[in-house]
Amino acid sequence: MTSVVDSLLNLFSFTGLDNSILLILVLHIPALSIFLVMVVNATVAVYVERKVAAFMQDRLGPMEVGLFGFKGGKKFWGGIGQTIADAIKLLTKEDIVPDSADKKLMLLAPFIIFIGAFLTFIAVPFSQNLVVSDFNIGVFYIMAMSSVGVIGIIIAGWSSNNKWSLYGSMRAAAQIVSYEIPIGLSLLLAVLVVGSLNLGDIVQWQAENRWFIFHSPFTFIAFFIFFISVVAETNRTPFDIPEAESELVAGWMTEYSGFKWAIFFLSEYANMMIVSIVASVVFLGGWLSPFAIINVGIPNSWMIFDGPLIGIIWLMSKALFLIFVMMWFRWTFPRLRVDQLMYLCWKVFIPFCLANLFFVSIWELIGGLFFK
Amino acid sequence: MYKVLDKSIIGADEMVMNMGPQHPSTHGVLRLKIVTDGEIVSHIEPIIGYLHRCFEKHCENLSYEQIVPFTDRCDYLAAMHMAHGYSIAVEKLLGIEELPERVEYIRVILAEFQRIASHLIAVGVFGLDVGAITPFTWTLRDRERIIDLFESVTGSRLLYNYIWPGGLAHDLPPNFIQKANDFLNYFEPQIEEYNNLLTTNKIFIERSADIGVMPVDVAINYGVSGPTLRGSGVPFDLRKDEPYSIYQKFDFDVPVGEGLMGTVGDCWDRYYVKVLEMKESIKILKQALNSIPEGDVKAAIPKKIRPKKGEIYSRYETARGDLGLYIRSGGKNMPSRLKMRSPAYCNLSVLNEISAGWMISDVISVLGSLDIVLGEIDR
Amino acid sequence: MGEYINNIIYGVKSLITGMSLTLKHFRNKKNLVATLQYPHEKWPIPERNIGFDPSEYNTIRSRLHVDIDDCIGCLQCERACPVDCIKIDTIKPSKGNEFDCGITSNDTRKKMIVPRFTIDMSECMYCDLCVHPCPEECIYMVGGPNDSKHEIDYEFSQFERHGLVFEFATATDQDIIDIGAESYLEKRKQREQKLTRAEKLEGMLISEGAVPVAAAPVAAAPVAAAPVAAAPVAAVSIDFNIKSIDFIKDKEVRGIAKKAFMGAKRAKLEGVAMIDFIIAELDKASKLDVDTKSTLEGFKEGKA
């Protein structure tokens with residue numbers, strides 16, 4: 001699997017520049033693209049989330065703001081310009097900093113969270129060959145980078161000098177650190193079976209065999225554990241205790257407004273995107289068409305359904321479905337309490353994950369003995 | 001309940017948190033001073049008075065008719081109940097024994113509709129407090145239909161000034177019975193939906209069952225009443241025990257908390273009693289709507305309300321509990337003293353007793369299950 | 001262990017029940033969405049018969065309206081209002097005045113005119129109590145009887161609070177003069193002046209003394225010149241305050257003196273100039289006798 005950076009280097013090699021200088025110049029293209037993806041993703045996802053919420057609650061959601069005179073559908077999907085109007089509002093809002101806050105840290109926090117989300121995108125593949133840099137430790141890198149955000153959250157909570165914020169950030173730290181473990185253990189199954197940390201290799205294994213979720217009954221359970229854990233990792237209901245609107249006002253974001261708050265929002269939706277893509281890549285066949293659920297003998301290079309370009313659509317539809325499910329969770333369930341959240345992680349998920357790890361190893365061993 | 005650690009071991013200290021008056025889930029302008037040790041709350045002090053309007057003193061300068069709109073504003077979620085309770089008190093003071101049958105029927109019908117509307121808010125907001133937003137909008141959607149009914153009857157949607165001492169402001173609109181029956185047919189299946197979405201939800205049960213348990217003796221010592229008391233398993237309902245108006249004519253049960261999901265008297269029981277009470281209200285409404293007689297609703301309204309010297313204490317079962325009204329008349333057209341025993345005030349006082357030792361999240365659950373209205377607490 | 005597994009199974013089951021319910025609502029939105037898109041769609045107004053018969057009284061509480069031609073000025077509605085948002089002035093024709101006040105549509109001869117009938121809708125709480133006592137049925141919530149005269153108006157709004165104060169009276173100044181009540185016009189003018197002053201917050205400026213000369217009323221200007229002349233003499237510290245005037249035995253004279261004292265204080269006079277001012281005032285009222293004058297003069301030299 002070649003990465004985007006490699007292809008760009010090849011493309012611009014005619015300039016004859018030194019490779020390291022060329023790398024620095026070329027890197028701006030994927031960087032800007034990632035930023036664009038984050039912004040577009042947040043804009044669309046916020047609109048869709050509001051609409052999904054509204055329909056589940058028998059409401060209509062935003063219906064008034066149009067885009068260039070076009071309002072969208074009259075009856076249900078109106079108000080398509082709402083998020084853009086909201087974004088403009090957020091950018092032009094007064095930047096309020098509390099008097100007794102630690103001003104430097106308070107400014108720093110949103111950027112750390114943003115960088116955490118931004119850097120993760122480097123290893124996230126959007127399709128075959130469409131990954132900024134093809135790490136051979138991709139899974140590990142994504143896990144490491146997605147937990148950088150928690151530092152930002154702790155800084156945000158501490159620097160706000162607000163007791164609610166502090167509570168929120170402490171809860172966030174405990175929650176995110178705990179839920180890293182079931183996530184890691186679930187991803188480890190794929191690594192165990194495939195024998196590689198590279199996301200491209202994992203998809204390649206699925207192309208040759210079947211979707212990883214159907215590898216064995218244990219990976220089926222592992223997928224759900226993984227998915228619920230990433231919902232917790234991204235602080236969304238029913239695991240939104242760090243923000244817990246009815247308890248902690250807005251948790252660690254209480255004192256933030258305007259542009260800084262917009263960055264938090266951007267990062268939250270970017271994180272949703274990342275974890276959905278990772279879930280679809282590792283468990284749901286990534287950019288493979290659904291015809292590869294089980295290997296029925298159709299050649300995978302069948303260009304109509306599989307390939308680098310159409311792969312984007314497959315991967316995105318899988319990821320967007322998972323994002324929809326996250327929204328679905330949010331507008332259905334109440335919120336867990338702190339200790340119940342920890343109970344779920346340490347007493348339900350982690351024992352199941354360890355059992356999964358054990359049984360998948362056995363499965364592989366027996367399979368190796370009998371089916372090969 | 002959680003044990004607070006021995007502070008001397010870890011050198012931890014307590015932190016005083018200030019919840020409210022601007023807080024998403026204090027149900028108005030209530031301020032809670034919470035002493036916490038980490039997530040665990042060791043003491044709560046509710047501080048009230050942010051919505052104080054001198055209701056009782058104000059009443060001493062208003063004629064008896066003019067007080068009615070102000071009683072509406074006490075418990076703004078159950079305005080019909082407050083006006084009904086006040087009217088009953090003034091009628092007792094005036095010595096009016098018998099009202100036209102139709103007046104009583106209309107009063108009971110509207111009061112039961114109001115009970116459903118108020119409990120819908122309580123149920124939805126409790127869901128909101130534990131983090132579920134969808135039940136709240138669903139309950140508000142259904143409450144809206146009741147309010148539409150009220151608008152067609154009284155002309156306003158929240159504060160009605162419809163039940164007057166001695167009668168009603170005017171009669172029902174022509175097609176009211178039909179519309180009310182339509183609503184009841186629509187509403188009954190909705191309760192099942194709430195149960196499926198919220199009541200039996202595992203997370204919701206985890207958040208409310210076994211939490212904030214209020215034993216019977218604590219409840220009675222603090223003067224708790226209404227659904228909050230019945231949640232603890234005491235079948236005390238003024239509609240049954242001291243029937244006023246014409247409640248003795250109707251057949252209905254008094255639901256009590258049974259500890260289905262945990263202990264008797266926990267948050268879940270207090271919540272579920274309200275759901276069951278809505279069903280009982282539907283029962284009463286069906287009987288009343290079928291047998292409503294004809295009559296003149298203004299026949300018994302006194303031309304001038306000027307009671308003789310004397311005093312009266314009257315009780316009424318509102319959606320939140322036992323509303324007591326003490327009125328002393330000095331022989332003028334204004335009361336010389338009016339005292340209101342508001343149910344939510346007494347219900348709130350038990351907060352520290354039942355939620356100390358739980359987590360911050362549980363304090364919110366307990367507060368939501370007590371179903372307070374600040375307009376009535378502060379008056 | 002069994003409980004542990006049962007818990008998980010019950011949990012998963014109940015969560016799936018909830019999710020299927022919300023999905024049902026999501027998919028069935030065409031029938032279930034309850035929103036009314038307010039400015040585009042409007043609330044259906046509850047339909048009712050219209051008339052003054054109490055049994056079919058229309059009760060939409062939209063906004064108060066007065067048919068002023070029918071108003072006899074009985075003040076019943078003003079008395080019924082719990083929040084005092086209705087304000088009515090009435091003038092009876094003086095004796096011998098043949099002014100015709102008119103006849104209501106119920107053929108009642110009016111006995112007075114109504115030069116002021118304001119309803120402050122920003123204070124009104126829509127309790128409907130003023131509507132019922134009206135003997136001529138001329139005050140009502142719009143949308144009720146006579147709704148042909150005024151459109152039903154749920155969302156009436158104004159840009160300023162003044163806009164919500166509605167004046168219904170139609171009596172002209174000529175009517176008031178004809179009825180023989182010029183003094184009423186005078187009073188009303190004073191009230192309006194007071195109001196405009198209050199709006200500009202003039203009273204506050206003076207009492208604070210933050211803006212001394214510019215904001216001082218014109219009336220204080222003539223005496224303001226006095227302290228300049230008297231300033232050098234005032235070097236002797238003079239112990240003179242309002243209690244010092246108490247030596248005057250005659251109540252009337254003492255009152256005038258005290259008034260003059262306060263006037264001088266307002267004009268920022270001090271010491272000798274103040275005493276001079278009081279003497280001049282007393283002189284003007286021709287209440288100044290020799291004793292009083294000499295005692296007041298004595299204060300100037302600093303003796304009590």
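How far apart are the end C-alpha atoms of helix H12 (residues 267-290) of chain B, and what span should its 24 residues have at 1.5 Å a residue?

## A helix to start with

The end C-alpha atoms of helix H12 of chain B are 36 Å apart, which agrees with the 34 Å that its 24 residues should span. The expected span is 1.5 Å times one less than the number of residues in the helix. Helices here are DSSP runs of H or I with at least four residues, strands are runs of E with at least two, and both are numbered from the N terminus.

Buried means under 20% relative accessible area, exposed means over 50%, and partly exposed lies in between, with a 1.4 Å probe and protein chains only.

## How to read this model

This is a predicted model, in which local features need pLDDT of at least 70 and side-chain atom pairs count only at pLDDT 80 or more, while totals for chains, interfaces and linings use all residues. Residues are numbered from 1 along each chain as its sequence is written, chains are lettered from A and ligands numbered from 1 in the order in which they are written, and side-chain values use heavy atoms, leaving out hydrogens and water.

## Chain C on its own

Chain C has twelve helices and five strands. It holds 304 residues, and 37% of them count as buried. Its accessible surface is about 18700 Å², with 55% belonging to carbon and sulfur atoms; such areas come from the Shrake-Rupley method with a 1.4 Å probe, and for residues only the protein chains shown count as cover.

Contact means heavy atoms within 4.5 Å. Taking the contacts in chain C between residues at least 6 apart in sequence, 68% join residues at least 24 apart.

## Where chain C meets chain B

Here 32 residues of chain C are in contact with 38 residues of chain B. The two chains bury about 2700 Å² between them, and carbon and sulfur atoms give 56% of that area. Buried area is the accessible area (1.4 Å probe) that two parts lose on being put together, summed over both.

One salt bridge is found across this interface. The side chains of Glu193(B) and Lys24(C) meet in a salt bridge at 3.4 Å, N to O; the rule asks for a side-chain nitrogen of Lys or Arg within 4 Å of a carboxyl oxygen of Asp or Glu. On the chain C side, the elements giving two or more residues are helix H1 (2-27) and helix H3 (76-80). H1(C) provides the largest share, eleven residues.

## Where chain A meets chain C

At this interface, 21 residues of chain A are in contact with 17 residues of chain C. The buried area is about 1800 Å², 71% of it on carbon and sulfur atoms. Asp58(A), Phe76(A) and Trp328(A) supply 30% of the area that chain A buries against chain C, more than any other three residues.

The rule finds zero salt bridges between chain A and chain C, and six residue pairs in polar contact, both residues at pLDDT 80 or more. A polar contact is a pair of N or O atoms within 3.5 Å; within protein, one must be able to donate a hydrogen and the other to accept it, and residues adjacent in sequence count only if both atoms are side-chain atoms.

Ser160(A) sits in the loop between helix H7 (149-159) and helix H8 (163-194) of chain A. Ser160(A) is buried, with a relative accessible area of 0%. Its side chain reaches the backbone oxygen of Ala156(A) at 2.8 Å. Beyond neighbours within four places in sequence, the contacts of Ser160(A) include Pro98(A), Trp252(A) and Tyr256(A).

Most residues other than glycine have a negative phi. Val249(A) has a positive phi, near 60 degrees; it lies in the loop between helix H11 (245-248) and helix H12 (258-283) of chain A, and is partly exposed at 25% relative accessibility. Asp84(C) also has a positive phi, near 55 degrees. Asp84(C) lies in the loop between H3 and strand S2 (86-91) of chain C, and is partly exposed, with a relative accessible area of 49%.
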